[in-house]
Amino acid sequence: MQQHIFNTMRSLKMIDGCKGTQVYALNPMTSGGGGGAAGGGGGGVGEKFLHHLQDHLKVNSIRSKSHRRYQSISETSNANSTILAEALAIYGLPQTDLIDPHIDPSLKFVDFVGVISDVYRRLQSCPEFEKSGAYMEQCAIFRGLPDPKLFRRCLRSAREHAVDVHSKVVLSAWLRFERREDELLGVSAMDCSGWSMECPKSSLVPGYNPESAHDTCTCSLPLEEDDKGVESDDQGQECSTSISNADVEYDDDDDYNMWFCVGEDEVRCNRYKMASLSRPFRSMLYGSFMESRKERIHFTQNGISAKAMEAAEIFSRVKSVDSFDPNVVVELLVLANRFCCDELRSSCDAYLASLVDDMDTAMLFFEYGLDETAYLLVAACMQVILKELPSSMHNPSVMKLFCSSEARERLASVGHASFLLYSFLSLIAMEEDLKSNTTVMLLERMGECAAENWQKQLAFHQLGCVMLERKEYKDAQKWFEAAVETGHVYSVVGVARAKHKRGHKYKAYTLMNSLISNYNPCGWMYQERSLYTSGKEKMMDLNTATDMDPTLSYPYKYRAISMMEEDKLGAAISEINKIIGFKVSPDCLELRAWFLIALGDYEGALTDIRALLTLDPQYIVFHGKLHGDQLVELLRHNVEQRNQADCWMQLYDRWSSVDDIGSLAVVHHMLANDPGKSLLRFRQSLLLLRLNCHKAAMRSLRMARNHAASEHEKLIYEGWILYDTGYREEAIAKADKSISIQRSFEAFFLKAYVLSETTTDHESSFYVIKLLEDALSCPSDGLRKGQALSNLASIYVDVDKLDLAVDRYMNALNIKHTRAHQGLARVYHLKNLRKAAYDEMTKLIEKARNNASAYEKRSEYCDREMAKSDLSMATRLDPLRTFPYRYRAAVLMDDHKEAEAISELSKAIAFKPDLQLLHLRSAFHDSMGDITSTLRDCEATLCLDPNHADSLELYRKAQKRAEEQPK
């Protein structure tokens with residue numbers, strides 16, 4: 001069958017019509033995933049393609065049955081399977097020339113460690129009022145890293161140190177967007193989260209006060225009785241359309257010595273108090289103008305109503321506009337601007353800003369605020385719009401306020417055009433639709449606002465990425481070259497790609513050659529150069545790229561497809577398995593699915609497609625022609641049908657065999673049968689976190705929260721969302737609130753988990769033990785109870801209760817929590833039963849599908865040579881695990897091979913700048929007396945974690961030695 005498929009593929013030349021569309025989009029952020037660009041055109045193309053495919057299957061199936069009329073049922077079934085495999089392979093298998101690697105739209109550096117070291121130094125020495133901008137530079141650097149926690153931490157720090165209202169508004173909205181609270185049902189954009197840093201009211205208060213950022217917001221505090229009374233009185237008073245004399249306390253009539261005449265109305269005033277409003281009024285009423293000698297001044301021609309003048313008079317005495325009708329305040333603001341009444345203008349601005357709490361009001365006041373240069377009012381309107389993102393981005397009226405050069409200039413005139421604002425808007429626009437005109441315009445405005453080098457690098461590089469995706473190659477080259485001129489070396493890749501697309505392949509090759517010669521080579525350099533070579537030279541570059549950076553997926557995909565084209569499907573699957581084993585992505589899962597289809601393994605293919613759709617529910621397969629869900633429908637009729645009970649049994653088996661991708665597929669199947677099951681969504685999020693798919697995990701958590709059947713369950717999922725985005729105390733508060741409503745396994749487990757991550761003392765450990773025991777006393781399924789038992793046993797180990805730990809680990813193993821073998825091995829090791837510990841880890845290796853961590857842990861329980869073997873296997877299975885590099889480096893240092901030890905660490909740091917790796921290398925540099933390198937690595941470590949105690953101590957010592965050295 002396999003040979004027949006490939007012969008058919010060759011005769012059809014992989015259908016030429018597919019060649020116009022890339023299998024995998026340039027940008028990984030597009031919603032269509034692998035077929036993002038092609039899949040964005042709507043469902044019509046997918047439906048037509050599906051009918052075409054079904055017709056193909058029907059025709060060939062009829063033909064098959066006519067030739068096999070007298071064959072057995074099993075043979076007919078095999079024939080139908082052959083036809084399905086043939087059809088799907090013909091239309092689905094990719095070619096090597098259709099899988100160009102994407103260009104990362106984030107900042108990327110040749111010397112990442114040097115860059116973050118420099119950023120840390122500048123952050124430590126910059127003035128307090130400039131720290132927010134320095135943290136935003138860190139955000140830009142960390143945005144491209146796989147772990148979003150660093151980016152979010154820097155974003156929170158930027159908000160903490162924000163000084164002006166504009167920055168506070170943008171950063172608060174950005175923090176909300178990172179949690180994607182817009183997807184949470186029943187949550188309003190302007191709801192106060194409970195802490196000061198993101199309170200809509202606090203954001204409109206100017207000033208620098210980083211200590212208050214983590215305070216509980218006054219919005220969430222219970223009102224005192226007196227305050228309640230005041231609030232009740234305030235709510236009982238409605239704004240009147242006219243101003244009553246009874247509303248304010250008037251002075252004696254003798255104090256009124258002049259009148260403003262507006263039409264037929266006369267507004268009596270105190271000349272001195274009116275003059276105190278501004279210098280123009282003072283000049284008019286006490287200067288050389290004729291009005292200074294008149295008791296009645298005609299004010300009709302100024303466009304100000306009598307009500308507004310009366311309000312101005314009242315303000316001149318009481319210095320407040322809170323009792324006025326909003327329409328009157330609007331007129332007062334015009335008056336204040338016309339006559340330079342700064343105090344009145346500020347009061348009107350603040351009052352009108354306090355009224356903006358929804359989209360309609362924001363849109364109503366935004367233009368007016370711009371016309372009257374009302375800083376706070378525009379900020380309040382902008383706050384609503386930004387907190388409504390991304391939905392507000394699809395409103396043309398909203399985008400009109402930001403996109404054009406004229407719009408940016410108007411915002412700048414009010415103090416609300418900034419690189420920060422357009423960086424935030426551009427980020428969302430790129431996620432929503434990379435190729436849209438809106439994205440281009442926002443990035444252009446971002447470039448216009450860029451002042452510092454890193455800002456220009458980011459804006460120009462992202463413009464290049466967008467233009468390349470739009471196939472506007474000349475403009476793409478121009479923007480990439482602009483980014484290179486500002487110092488962003490990685491943009492040379494974009495220049496080369498644009499040249500290649502314009503037909504200058506040799507120029508692209510020489511450009512990459514020059515880059516490799518002039519800089520310390522990186523894996524991505526060789527990967528890019530491989531696009532412009534062929535044959536053995538291409539394979540050499542791809543292999544070098546993998547050696548230098550095993551996280552690059554393109555080399556694996558290219559090699560796998562090349563093997564497939566040589567009829568080596570088994571080898572192709574093995575090759576793509578290498579990267580899927582430690583870095584799961586939709587494109588690699590899709591590729592493996594096609595290989596499995598070609599082999600007739602529909603169960604395996606369906607597993608991969610279901611897992612793929614869990615990562616990206618909108619993924620488009622067949623070169624952007626068919627939605628993934630439709631492929632599931634085609635495949636599922638060729639596999640064993642399972643009901644929900646069967647799926648639960650299958651989930652237990654795959655969970656216990658540490659088959660996370662298989663478990664994801666089962667959960668996806670179960671959700672297709674019961675989409676509102678919040679418990680399954682939660683399980684899905686746990687699996688995704690294990691696979692380091694943070695974005696998809698957070699989406700599953702939000703869906704679990706939205707489908708929660710009760711308030712206490714909803715609070716649990718909200719707690720996990722907060723924990724995973726860095727709000728640990730708030731997560732505990734959610735758990736406590738859930739427990740107060742109803743005791744449940746998940747509420748106790750959430751609280752125990754968060755506390756165990758944040759506390760290390762014995763007293764806290766015993767409290768966590770109690771929480772876990774409370775959790776286990778509540779109903780739950782075996783999957784979760786196994787996790788709780790394992791966690792409980794781990795804490796018993798920490799407090800030297802080894803027998804209790806063994807008992808809990810054994811209980812966990814009895815309900816198929818396979819990972820408990822690892823904990824049990826640790827206990828045996830502490831009891832000096834090293835052989836038993838080794839054997840326990842061997843059991844885990846035999847049972848677990850993903851067992852790189854098991855090899856790593858087993859290395860702790862054997863001699864040096866066996867440990868080296870296990871760690872080599874761990875690195876081969878998962879190059880991102882850092883312990884093997886640290887171990888090998890330590891062994892080399894013990895053998896006095898300092899240069900080789902440094903090299904071992906540097907090799908890993910080049911593609912994973914890990915905290916522990918950097919700290920160990922700094923310690924090695926320190927032991928070798930290399931103070932400069934010690935300082936650099938310490939600074940880089942502290943940039944990743946400013947509170948890393950060991951690095952802080954080493955840094956201080958190195959600084960002291962550097963100061964003592966003779967100049």
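This is a predicted model: local features need pLDDT of at least 70, side-chain atom pairs count only at pLDDT 80 or more; totals for chains, interfaces and linings use all residues.
For Phe402, with neighbours within four places in sequence set aside, the residues in contact are Phe366, Met382, Ile385, Ala407, Leu411, Leu421, Tyr422, Leu425, Leu442 and Arg445.

Two packed helices are described by the angle between their axes and the distance between the axes. Helix H27 spans residues 535-548 and helix H28 spans residues 553-565; their axes come within 9 Å and cross at roughly 140°. Angles over 145 degrees count as roughly antiparallel and those of 65 to 115 as roughly perpendicular, and H27 and H28 are therefore oblique to each other. The crossing of H27 past H28 is left-handed. On the H27 side, the contact is made by Lys538, Met539, Leu542, Asn543, Ala545 and Thr546, while H28 contributes Tyr554, Pro555, Tyr556, Tyr558, Arg559 and Ser562. By residue class, the contact of H27 with H28 consists of seven nonpolar, three polar and two charged residues.

Helix H43 covers residues 820-830, and its buried residues are Ala820, His821, Gly823, Leu824, Ala825, Val827 and Tyr828. Among the elements that cover these buried residues of H43 are helix H41 (782-798), helix H42 (802-814) and helix H44 (834-847).

Methods:
Residues are numbered from 1 along each chain as its sequence is written. Side-chain values use heavy atoms; hydrogens and water are left out. Contact means heavy atoms within 4.5 Å. Axes are lines fitted to C-alpha atoms, for helices over the stretch in contact, and angles run from 0 to 180 degrees between N-to-C directions. Helices (H or I, at least four residues) and strands (E, at least two) are DSSP runs, numbered from the N terminus. Angles under 35 degrees count as roughly parallel, over 145 as roughly antiparallel, 65 to 115 as roughly perpendicular and the rest as oblique. A crossing is left-handed if the near helix is turned anticlockwise from the far one by less than a right angle, and right-handed if clockwise. Ala, Val, Leu, Ile, Met, Phe, Trp, Tyr, Cys and Pro count as nonpolar, Asp, Glu, Lys and Arg as charged, and the others, Gly among them, as polar. Buried means under 20% relative accessible area, exposed over 50%, partly exposed in between (1.4 Å probe, protein chains only).
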